[in-house]
Amino acid sequence: MTRQSSRITPVVLTLLSYTIIGLLIVLPVVLILHEALRQGLHTALETLKDPEARSSIRLTACVTAIVTVINTAGGVAAAWTLTKYDFRGARLLVSLIELPISVSPVIAGLVWLLLFGRQGWWGNWLGHHGLHIAFAVPGIILATLFVTFPYVARTLMPYMEQQGRAAEETAFLLGAGFWKTLIHVTLPDAGWALLSGVLLTTARAMGEFGAVAVISGHIPGVTETMPLHIETLYNGYQSVAAFAMAALLVLVAMTTVLIRMFLERSFRKQHP
Amino acid sequence: MKPLTVTGLGSFPRRRQTLPGFSLSLGLSLLWTGLLVVLPLTALLLRPWQHGLGPMIHALHDARMYAALRVSFICAFLAVLIDLPIGLLLAWTLVRYRPPGHRAVDALIDLPFAIPTAVTGIALATLYGPGGWIGAPAEKLGLKLTFSPAGIVIALTFIGLPFIVRSVEPVLRSFPKDVEEAVFLLGASGWQRFCRILLPALAPPLLSGAGLAFARGIGEYGSVIFIAGNQPFHSEVAPLLIVMRLQEFNYDGATSIALILLVTALLCLVAVSHLRRSVSSGLLREDGA
């Protein structure tokens, strides 16, 4: 009895899990591709060539590039500082870095409005001097920076800590300076973790919706990123166009997931 | 192997730094964190005191706000309740049985986290909506899944699932096999082993996953607004009400909701990190849990 049930249970539980995954996660993805291709691949691609669609793709690419560069630089600096030196307040810095993860995206947009909106601290003053941050591209960049803030540092820190400091201390004793040690000793070893963190930042930056929706002002062709343009299209009953752009984002998201999985696996094989 | 948590970083004894560049890299880190996290959150915390507490207290007398918060909290809680058994089942199957294709399935679990929320939103609204692949058969059974709180629960279940699976998986993987074998040899049945041995060990990661999923759920916007219907007092979530208040230029109203959401999410996070610390200093430490 026991032996028989122990052979059947895995099969039943596996089938159940795969059904749940299929219904809950795979079906929505299939639906996106199906809706996008409802009128054929040609129509779907045509919708992406619409001027407003192209401008949203351009804006998203530009914002994502800037955000990824800034948060990668900051993330590497923070991960290095926290793992290679001892200082008071390190724990507080870790908590501050992780904080944005638990902040609602809408709040991530709101906080910048409180600084740069018309009723905000500096919004009016900057506006008089011709500098517009809220309802303009700089606001979108700031909101996206906040939302994707922790990922590089968080992916790097555990592995940099595991590395220890011996290699860096040796490099320093052999006469390498700060930059040389960072670029030639630490980063190559943690390279896969860095790449994984950068990919996660890129993926989240491209898809950010709530924070950007609050601060962008939703001006088609000017401050509409891809996710915002999807909302406009969907609410305007342009289903094929909305899902075509959604499919584009999903394909990028799936590619990042696959690359990150591959990176992690090859790392585990090298360091069992 | 030492646990890889970064929480223990502050506890090193203080000594002179051996590596150069400390002030440069600390300065860069503080500048980055200060400008992008501390400054905007300070603006949020100081807002209630900016024009005196009067407008803020006025903003707290708002039945619609409490209704929205109730919808957000209840739906996020229900979604976590649904995610817990599903997440445990998935983690268990993937770690213990390693069925054919488990690697692909393991990668799929990250998708809700990787797919942009607005994309999730329109996909779920179409899938579960009237005429959708799941919505149409459900409608025949008399179930209305979209434009109701049920839709919010569906969206938050989707969003929260990876948090539970990813927090249970490592603990399950490192669970000492000999304990289970000993219990098995002592004659415990499969169910007894699960309830008496595994469940107590898995409770902390389950709870911490639940905490993360809940904190995420109450703040969720993009995946919810397309499927929820957004009727005030019925299916309007708190983050959406923040957006509405901002569109009315009612910054005090928006700030008061934001502060309540933020404090709740932070309490969840503190509880989670407390749980993690107590686990990593407990039974499973040597196995790298």
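Predicted model: local features only at pLDDT ≥ 70, side-chain atom pairs only at ≥ 80, totals over all residues.
Residues count from 1 along each chain as its sequence is written, and chains are lettered from A in the order in which they are written. Local features need pLDDT of at least 70 and side-chain atom pairs count only at pLDDT 80 or more, while totals for chains, interfaces and linings use all residues.

**View 1. Chain A meets chain B.** Chain A brings 84 residues to the contact and chain B brings 77 residues (C-beta atoms, placed from the backbone, within 7 Å). On the chain A side, the largest share is the 19 residues from helix α1 (residues 2-36) of chain A (helices are DSSP runs of H or I, at least four residues). Sorted by class, that side of chain A has 61 nonpolar, 14 polar and nine charged residues (Ala, Val, Leu, Ile, Met, Phe, Trp, Tyr, Cys and Pro are nonpolar, Asp, Glu, Lys and Arg charged, the others, Gly among them, polar).

**View 2. Helices α8 (residues 149-173) and α10 (residues 190-219) of chain B cross.** Their axes come within 8 Å and cross at roughly 155 degrees (lines fitted to C-alpha atoms over the stretch in contact, with angles from 0 to 180 degrees between N-to-C directions). That makes α8(B) roughly antiparallel to α10(B) (over 145 degrees). Among the residues making the contact are Phe163(B) of α8(B) and Arg216(B) of α10(B). The contact residues divide into 14 nonpolar, five polar and one charged.

**View 3. Helix α5 (residues 105-116) of chain A.** Its 12 residues reach 17 Å from first C-alpha to last, close to the 16 Å expected at 1.5 Å a residue (1.5 Å times one less than the number of residues). Because 12 of the 12 residues of α5(A) are buried, this helix is largely enclosed by the rest of the structure (buried: 20 or more other C-beta atoms within 10 Å of a residue's own, placed from the backbone). Trp112(A) and Phe116(A) are among the buried residues.

Note on methods
Contact = placed C-beta atoms within 7 Å. Helix = DSSP H or I, 4+ residues; strand = E, 2+ residues; numbered from the N terminus. Parallel < 35°, antiparallel > 145°, perpendicular 65-115°, else oblique.
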